[in-house]
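Here's a quick walk through one model, helix by helix and contact by contact. Have a look at the chain first, and then we'll get into the details.

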Amino acid sequence: MIKNLYSELDANTGSLELLQISVQIAIRILKEYFENIGSPRLLRILSDVVAVVESCLAKTDLEFSQIFKITSKENYSYTHCVNVGLYSMILASKLKMKPEFVRELGLGAMLADVGKKEIPHEILFKNGQLDRYDFKLVRKHPAAGKKVLNDMKCFSPNILKMVGEHHEQFNREGYPLNMSGERISLYGRLCTIMDVFSALTSKRYNHDPHTPFEALTIMKTQMPGHFDQRIFVNFIKAIAGRKAAA
């Protein structure tokens, strides 16, 4: 499938253009999973797309602003998943992580919310505050997603941790396991930041998309203790176009 989708591209297709095409392919795959067939087998294909994205990032020193411009700010689970994956990969790339880790982070982040398929549509897109019953269901999606991927037996332990821990918080106020600090995997800590950033910079029932600066300001001033500060500071540097430190 992926070979067919990429087959008509010219050998001289630029990295940014190829990246844009890859984003649309990833969105199509995840939309099909969430809204139509829903077979977990579709998710295997994302590995090939993520490999192309990593190659684009490795070949060209793209800035965060360029990545941000090609992401969709619509309020859909599948666009959110792709955004979180891209933001995770651009930070990992700026940190000069090895290609295999950049790919693993991107794939895990794109898969982090697959458990939301188990949440009723009327709750997932509710125009208003969730009640206790709604939130109880929402809190189950990390474990549900981890189970789906674990049953497929083709994803790494790091990816499984990332999916299961992406709503844990550094100060132990997250869910589903109330983990804290470095008990949360590095992948989980990184994904938490990208997940919140993507949510704030996308359309939601209670706000229009925030700018990256506005989103970072909210994360810094209104969410104290939520994030691993070392990763968060490096993310700010990547957005600002400054050199990140591993």
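Helix α5 is mostly covered, with 17 of its 18 residues buried. Buried here means under 20% relative accessible area, exposed means over 50%, and partly exposed is anything in between, using a 1.4 Å probe and protein chains only. Helices are DSSP runs of H or I with at least four residues, strands are runs of E with at least two, and both are numbered from the N terminus. The length of α5 checks out too: at 1.5 Å a residue its 18 residues should span 26 Å, and its end C-alpha atoms are 26 Å apart, which agrees. (The expected span is 1.5 Å times one less than the number of residues.) After α5 comes Lys96, which has a positive phi, near 60°.

A word on the ground rules: this is a predicted model, so local features need pLDDT of at least 70 and side-chain atom pairs count only at pLDDT 80 or more, while totals for chains, interfaces and linings use all residues. Residues are numbered from 1 along each chain as its sequence is written, and side-chain values use heavy atoms, with hydrogens and water left out.

**The largest pocket**

The largest pocket holds about 1200 Å³ of space. Of the 37 residues lining this pocket, Lys116, Leu130, His167, Ala199 and Arg204 are the closest to its centre. The search runs on a 1 Å grid over the protein atoms alone: a pocket is an open set of points where a 1.4 Å probe fits, with protein on both sides within 12 Å along at least five of seven lines, and lining residues have an atom within 4 Å of a point. Points are joined across faces, edges and corners, and the volume is the space filled by probe spheres set on them.

Which helices supply at least two residues each to the lining of the largest pocket? They are α5 (77-94), α7 (121-124), α8 (132-138), α11 (186-200) and α12 (212-222). Helix α11 gives the most, with 5 residues. By class, the lining splits into 15 nonpolar, 16 polar and 6 charged residues.

Thr211 counts as partly exposed, at 38% relative accessibility. Its C-alpha atom is separated by 9.9 Å from that of Phe197, 14 residues apart along the chain.

**Salt bridges**

A salt bridge here is a side-chain nitrogen of Lys or Arg within 4 Å of a carboxyl oxygen of Asp or Glu, and the count comes to 7. Here are some of them:

| Salt bridge | N to O distance |
|---|---|
| Asp113 and Lys116 | 3.4 Å |
| Asp151 and Lys147 | 2.8 Å |
| Arg189 and Asp228 | 2.7 Å |

Asp113 and Lys116 are both buried. Asp151 and Lys147 sit in helix α9 (residues 141-152), 4 residues apart, or about one turn of the helix. Asp151 is partly exposed at 45% relative accessible area, and Lys147 is exposed at 52%.

Arg189 is buried at 12%, and Asp228 is buried at 9%. Elsewhere, salt bridges that share partners join Asp61, Glu63 and Lys94 into one network.

**Aromatic pairs**

There are 12 aromatic pairs in the structure. Rings of Phe, Tyr and Trp (its six-membered ring) pair if their centres lie within 6.5 Å; planes under 30 degrees apart are stacked, over 60 edge-to-face, and the rest tilted.

Tyr33 and Phe34 make an edge-to-face pair, 5.4 Å centre to centre with 75° between the planes. Tyr33 is buried at 2% relative accessibility, and Phe34 is buried at 14%.

The rings of Phe64 and Phe197 have centres 5.8 Å apart and planes at 70°, so this pair is edge-to-face. It links distant parts of the chain, with Phe64 in helix α4 (residues 64-69) and Phe197 in helix α11, 133 residues apart. Phe64 is buried at 3%, and Phe197 is buried at 0%. Phe64 and Phe197 also belong to one aromatic cluster with Phe68, Tyr87 and Phe235.

Note on methods: Ala, Val, Leu, Ile, Met, Phe, Trp, Tyr, Cys and Pro count as nonpolar, Asp, Glu, Lys and Arg as charged, and the others, Gly among them, as polar.
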